[in-house]
Amino acid sequence: MAQHKYRFITIPASHYVEKARWALDLGGVPYTESKWPPVLHMLGSTAGLNRQSVPVLLTPDGKRLTDSTDILHHVAVNYTAGAHLYPTSCREEVERLEVCATWCSTAWVI
């Protein structure tokens with residue numbers, strides 16, 4: 001049975017992309033990376049996604065994960081088989097901080 005691949009839309013030199021790539025690689029997720037140059041990624045790589053930033057992970061079942069934290073959660077739930085992407089001793093605190101970071105990064109968008 002052939003494994004269905006994910007499509008991972010990226011740009012170079014992005015710590016958000018690296019965060020998501022690290023999780024995908026650690027989890028052994030089969031993916032094809034679509035690399036786009038900055039600025040041009042808004043024209044082609046995310047067209048039809050109502051999204052202008054990356055990373056974006058398109059799943060085989062049609063889901064669109066449009067945030068590196070969402071990608072980590074998806075990998076943690078579906079692929080890690082016991083490996084922990086988040087520390088188990090302070091998981092709630094880490095998740096709370098990620099929510100705060102996400103809110104802070106979007107709160108100033110005009």
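The following legends describe close-up views of a predicted model.

**View 1. The largest nonpolar core of the predicted model.** This core has 19 residues, and those touching the most other members are Phe8, Leu24, Leu57, Ile71 and Val75. At least two core residues come from each of strand 1 (6-10), helix 1 (15-27), strand 3 (56-58) and helix 2 (68-78). Helix 1 provides the largest share, four residues.

**View 2. The surroundings of Phe8.** Phe8 counts as buried, because its relative accessibility is 0%, under the 20% limit. Apart from neighbours within four places in sequence, the residues in contact with Phe8 include Val17, Ala20, Arg21 and Leu24. Tyr31, Thr32, Glu33 and Ser34 are also among its contacts, as are Pro55, Val56, Leu57 and Ile71.

**View 3. The aromatic pair of Tyr6 and Tyr79.** Two aromatic pairs are found in a search of the whole structure. Tyr6 belongs to strand 1, whereas Tyr79 lies in the loop between helix 2 and helix 3 (91-107), so the pair ties together parts that are 73 residues apart in sequence. Tyr6 is buried at 6% relative accessibility, while Tyr79 is partly exposed at 25%.

**View 4. The aromatic pair of Phe8 and Tyr31.** Phe8 and Tyr31 are also paired edge-to-face, with 5.5 Å from centre to centre and 80 degrees between the planes. Because Phe8 lies in strand 1 and Tyr31 in strand 2 (residues 31-35), this pair links parts that are 23 residues apart in sequence. Tyr31 has a relative accessible area of 18% and is buried.

Conventions:
Residues numbered from 1 in each chain as written. Predicted model: local features only at pLDDT ≥ 70, side-chain atom pairs only at ≥ 80, totals over all residues. Heavy atoms only, no water. Core = buried A, V, L, I, M, F, W, Y, C linked by side-chain atoms within 4.5 Å. Buried < 20%, exposed > 50% of the residue type's maximum accessible area, 1.4 Å probe, protein only. Contact = heavy atoms within 4.5 Å. Phe/Tyr/Trp six-rings, centres within 6.5 Å; stacked < 30°, edge-to-face > 60°.
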